[in-house]
Amino acid sequence: MEITFRNLVTIVHGMMFGGFFLMATFGLVVMLWRSMYERQGPGLTEQGHRWETAYLVAMVLLGWGAVLSGAYIVYPWYRAALPAGVVDLSGYPQRLLLSKPGTAGWHTLGMEWKEHVSWMAPMAMTMVAYVLLKYKGAMEEHRALRKQVLVFAMVAFLAAGVAGGFGALIDKAAPVDGGRIIHLMEGAK
Amino acid sequence: MSQQSEGIVNGPAAAAILTAGVGCFVLGVLVVATDGSKPLAKLLTFYTRTGPLSGVSTVAILVWIAAWLLLARVWGSKRVAIAKVNAIALVLLGMGLLLTFPPFGDLLLGR
């Protein structure tokens, strides 16, 4: 079982950072939505607040990890310039997509939207995490704030979903591949 | 928009919410601006291998953080009209989202 270095990094970017960020954001949206219909209760224990803090900090770090690894590691491989005389486009995903009318849209719409809208997700979720941590235990009295962080969290989920969805589909049409081959394990004999 | 009053201080949250909207809006504006202007795209190419995206995202983040720090300082101990702040932040967020959508950017650039 083998995998190329670029493929492995793309998996870390998309599935580890992006995928877990998307799941964490969805979890928070559900929690915030549910809290809109909750009766005022005793709230979280001290330990509960510590877990909540860890969850929110991890979520924000995953979001920034996804956009930074995407923009500065994977994206340069995706948009690598085609050297003169090269006819095999397999190592140049952007060029490969643009070479055919049937796949060009994956770049002109998919990647062009994904590469920009994705930045909104960690920005929005950083704000959401800050407000939730700053007003922990007092969110009941701040209904308007709770509604607003819910809206921002939903938009962040949408942005991350667009980025993740297009990322997966674009990588299927023109994979970011190459580099050193990493041997993972032996297959069944 | 701000007013000093008794009660729970919501200024820090309002500053965070409004400036998150500002950051998203600035990102959207820069996306369309760099798409329509090659000199600006070149100027915002902070890292050649990533292209203009490096400058667009960096500038948007810097504006967002600077605005957040500034507004948090001004509203830090105040109670502000949160409904107005929320409405403005939502408009900015929506416009930012729309501006990053390539067909809308192309429409604005007359393509």
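Two residues are taken to be in contact if their C-beta atoms, placed from the backbone, lie within 7 Å. Helices (H or I, at least four residues) and strands (E, at least two) are DSSP runs, numbered from the N terminus. The structure is a predicted model, in which local features need pLDDT of at least 70 and side-chain atom pairs count only at pLDDT 80 or more, while totals for chains, interfaces and linings use all residues. Residues are numbered from 1 along each chain as its sequence is written, and chains are lettered from A and ligands numbered from 1 in the order in which they are written.

Chain A is more spread out than a compact globule, because its radius of gyration is 20 Å, well over the 16 Å that the globule rule gives for 189 residues; the radius is taken over C-alpha atoms, and the rule is 2.2 Å times the number of residues to the power 0.38. Along the principal axes, the C-alpha atoms of chain A fill a box of roughly 70 × 45 × 25 Å. Buried residues (20 or more other C-beta atoms within 10 Å of their own, with C-beta atoms placed from the backbone; exposed means 12 or fewer, and partly exposed lies in between) make up 38% of the 189 residues in chain A.

G70(A) is itself buried, and other buried residues of α2(A) include L56(A), M59(A), V67(A) and Y78(A). The buried residues of α2(A) pack against α1 (5-35), α3 (93-98), α4 and α5 of chain A, together with α3 (52-75) of chain B.

Turning to chain B, five helices and two strands are found, in the order β-α-α-α-β-α-α. Chain B has a radius of gyration of 16 Å, well over the 13 Å that the globule rule gives for 111 residues, so it too is more spread out than a compact globule. Of the 111 residues in chain B, 45% are buried. In α1(B), 23 of the 26 residues are buried. One residue of this helix is V31(B), which is buried, with 27 other C-beta atoms within 10 Å. V31(B) and L99(B) lie 68 residues apart in sequence, yet their C-alpha atoms are 7.3 Å apart in space. Beyond its neighbours within four places in sequence, V31(B) is in contact with residues including L99(B) and, from the other chain, H116(A).

The two chains meet through 30 residues from chain A and 30 residues from chain B. On the side of chain A that touches chain B, the elements giving two or more residues are α2 (46-78), α4 (101-117), α5 (120-134) and α6 (143-173).
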